[in-house]
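Visitor: I'm new to this. Can you walk me through the structure, starting with a term I'll need?

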Amino acid sequence: MRYDPIGRLLLTPVDRDAPDRVRRLRLLGVGERTEPAFDGFALRLAQLAGAPYAMVNFIAEERQFYAGLHAPAPGTGRSRDRDHGYCPHVVVRRKALVLEDVRDFPRFAGNAIVDETGLRSYLGVPLIDRTGIALGTVCVLDTRPRHWGRAGLETVKSLAVELSEQIRRREDGGSIHPD
């Protein structure tokens, strides 16, 4: 866990489920490499949400990995430390996080990802598998403040459920399809 040296805010949440999540990710064979199907899913997510960035993000103990990524800038990294960004909060809370302008929230405004990338708006929901473990997130981001609204939240939630179902089918011997 990491603290803001001035405000003593907990910036990265304590994640007691991380060891179980890592075992589950390894069993499923996800979260360590890119997959075209996850990239296709992220593209579809970005299009439906009207967002410049979309991700399928798997969270391990020390890092997060964007197995699915849609970003306007080529060369956007696929991995970050766990204390960068907002997805670790979604996974630990096990519920959606909607930040219309991250600068309005002291806990999130100080996150390094704001300065590094210029991201200002975030909507993420947990990606929960059949065992009840939050494997990661499905999220959309923007470089400007944005009102995601109920429709935006419902879109991302329904796509997270759809991807969870695809992962379940994959585990049962199928494959993941972007649409």
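This is a predicted model: local features need pLDDT of at least 70, side-chain atom pairs count only at pLDDT 80 or more; totals for chains, interfaces and linings use all residues.

Visitor: Okay, is Tyr86 buried or exposed?

Guide: Tyr86 has a relative accessible area of 2%. Buried means under 20%, so Tyr86 is buried.

Visitor: How many aromatic pairs are there?

Guide: The structure has 2 aromatic pairs. In one of them, the ring centres of Phe38 and Phe58 are 5.6 Å apart. Their planes sit at 65 degrees, and over 60 counts as edge-to-face, so this pair is edge-to-face.

Visitor: Where do Phe38 and Phe58 lie?

Guide: Phe38 is in helix H2, residues 36-49, and Phe58 is in strand S1, residues 53-59. The pair therefore ties together parts 20 residues apart in sequence. Both Phe38 and Phe58 are buried.

Visitor: And what about Tyr86 and Tyr122?

Guide: They form a tilted aromatic pair, with 5.1 Å from centre to centre and 55 degrees between the planes. Tyr86 is in the loop between strand S3 and helix H3, while Tyr122 is in strand S5. So this pair ties together parts 36 residues apart in sequence. Tyr122 is buried, at 1% relative accessible area.

Visitor: New topic. In what order do the strands form the sheet?

Guide: The order is S3-S2-S1-S6-S5-S4. These 6 strands make an open sheet with antiparallel pairing. S3 and S4 are the edge strands, each pairing on one side only.

Visitor: How many bridges join S5 to S6?

Guide: There are 8. Val125 has Val138 in S6 as its bridge partner.

Visitor: Which strands does H2 lie across?

Guide: H2 lies across S1, S2 and S6. It runs at about 70 degrees to S2.

Key:
Residues are numbered from 1 along each chain as its sequence is written. Side-chain values use heavy atoms; hydrogens and water are left out. Rings of Phe, Tyr and Trp (its six-membered ring) pair if their centres lie within 6.5 Å; planes under 30 degrees apart count as stacked, over 60 as edge-to-face and the rest as tilted. Helices (H or I, at least four residues) and strands (E, at least two) are DSSP runs, numbered from the N terminus. Buried means under 20% relative accessible area, exposed over 50%, partly exposed in between (1.4 Å probe, protein chains only). Two strands pair if DSSP finds at least two bridges between them. Contact means heavy atoms within 4.5 Å. Axes are lines fitted to C-alpha atoms, for helices over the stretch in contact, and angles run from 0 to 180 degrees between N-to-C directions.
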